[in-house]
Amino acid sequence: MEPAKRSAEDRTLLSEPHGGIRGTWQWTWVSVLALVVAGYAPPAWSLFAAGTWDVRDSILLVVSAVSLAASIVFVGMLRSGLGQATSSTRARIILFLLAAAPWALASATPVLSIEWGLIPWTAASLIAVDLPARRRWWWLGGALLALVLIRVVVAACSGTNLGQMWPLSTTIVSVLFPTLVIILPLAMVFQMWLWQVVISLDAAKSERAELARTQERLRFASDLHNIQGHHLQVIALKTELAERVLSRDPDKAATLIHETQDLAREALEDTRCLVRGYRAVSFAVEAENAAAVLDAAGIRMTIDLAADPPPELDHLLGSLLREATTNIIRHSAARQVTITLKTDEAGSIALGIGNDGVPERPRGADGTGIVSLTEQYRAAGGTLTAATDNGRFLLRGILPQTAGVT
């Protein structure tokens, strides 16, 4: 992918709104709330279906309403996701005690059906959602045992016959009750698991956006290094040459100084273009620049551009040519440089840069620039090799013609 295109996609990613997260949480909250209401509905139905009303029923209704309000508040504490333990131990205890109160009151009156146990079971299911997985099912088992013990103890203290402790108000409730006992914890866990998945995806999206920013910074730093390193190297070379010829050929020195000024202005303009994202130098222009630099250093160059690379490859090919030119000037005593660009048998673009005057221990292949370019060529599906043969050093980069297309 071209840098300019990648940057545009990254900016789109960074500016994309995250309103979907808010909407997903609202849907999750409503879904869990509906399950809570489903747990409170059968007891309320049995209370109103009895056809009679007394003080005991009013107390049950008020206590159940308070418990329902506490459950609604607790649902809001679950926004961090499944098993995050965001609620305090005190909040869990208060919620369970408020939900167990109507169950205890109903247990003291034998005529009230056991669907009142759905209220504390609903609260227990909410608490289980907030607990880690290894504790969640132990808690539900313990809560179920506690509810049975409350029924037995309270009913026994009130003188209720043990065989009459488990009535159900209607046939419909007799089917609904066991279904809700199983469905409530499973459905709540499933809803919060889906919400947890959405949270994880959003976190991954944020990490991707941060990675995109980091990659863009690295790309910019690499391009800036290529531009400034190349220009500064040439400027340093030309000023050194001007110093050498100043005493014997002032006109030549003045020409070199003027060329250095032009290079400095060009470096400034290239940097400005890079910042604006408009820099696009063809490989042919890079070759002309390399020829000018080598000629100024007194190095003969033979160039053969038999291939016409696609614009997508200009960046990688130009980077290799700039790095090779810099290394030739810095680390060799070269008198002759050969540059060839052709299409090989596989249809790939092959760039070869060879020079003589190689020292006994050439350093060209050890620099960080060549290492970085090797990684870039590999990432693009190509190869970059460096070899020494009979006093000549050869850099050879091969790129498939589709390397710059994604």
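Strand 3 (residues 349-355) is mostly covered, with seven of its seven residues buried. The model discussed here is a predicted one. On one side of the strand lie Ile349, Leu351, Ile353 and Asn355, on the other Ala350, Gly352 and Gly354, and both faces are covered.

Strand 2 (residues 336-343) pairs with strand 3 in the antiparallel sense over seven bridges. Within this pairing, Ile339 has Ile353 of strand 3 as its bridge partner. The hairpin of strand 2 and strand 3 has five residues between the strands, and there Gly347 takes a positive phi near 85°. Strand 5 (residues 392-399) also runs antiparallel to strand 3, and seven bridges join the two. Here Asn355 stands opposite Phe393 of strand 5.

In soluble globular proteins, nonpolar side chains tend to be buried together. The largest nonpolar core has 40 residues, of which Leu317, Leu320, Leu351, Ile353 and Tyr377 touch the most other members. At least two residues of this core come from each of helix 7, helix 8 (250-276), helix 9 (283-296), helix 10 (314-331), strand 2, strand 3, helix 11 (368-379) and strand 5. Helix 10 gives the largest share, seven residues. Leaving aside residues up to four places away in sequence, Leu317 touches Phe283, Pro309, Leu341, Ile349, Leu351, Tyr377 and Leu399.

Turning to the aromatic rings, a search of the whole structure finds three aromatic pairs. In one of them, the ring centres of Trp25 and Trp195 are 5.2 Å apart and the planes stand at 45°, so the pair is tilted. Because Trp25 lies in helix 2 (residues 19-49) and Trp195 in helix 7 (residues 171-245), this pair ties together parts that are 170 residues apart in sequence. Both Trp25 and Trp195 are buried.

Phe190 counts as partly exposed because its relative accessibility is 46%. Trp193, at 44% relative accessibility, likewise counts as partly exposed.

Methods: Residues are numbered from 1 along each chain as its sequence is written. This is a predicted model: local features need pLDDT of at least 70, side-chain atom pairs count only at pLDDT 80 or more; totals for chains, interfaces and linings use all residues. Side-chain values use heavy atoms; hydrogens and water are left out. Rings of Phe, Tyr and Trp (its six-membered ring) pair if their centres lie within 6.5 Å; planes under 30 degrees apart count as stacked, over 60 as edge-to-face and the rest as tilted. Helices (H or I, at least four residues) and strands (E, at least two) are DSSP runs, numbered from the N terminus. Buried means under 20% relative accessible area, exposed over 50%, partly exposed in between (1.4 Å probe, protein chains only). Two strands pair if DSSP finds at least two bridges between them. A nonpolar core is a set of buried Ala, Val, Leu, Ile, Met, Phe, Trp, Tyr and Cys residues joined through side-chain atoms within 4.5 Å. Contact means heavy atoms within 4.5 Å.
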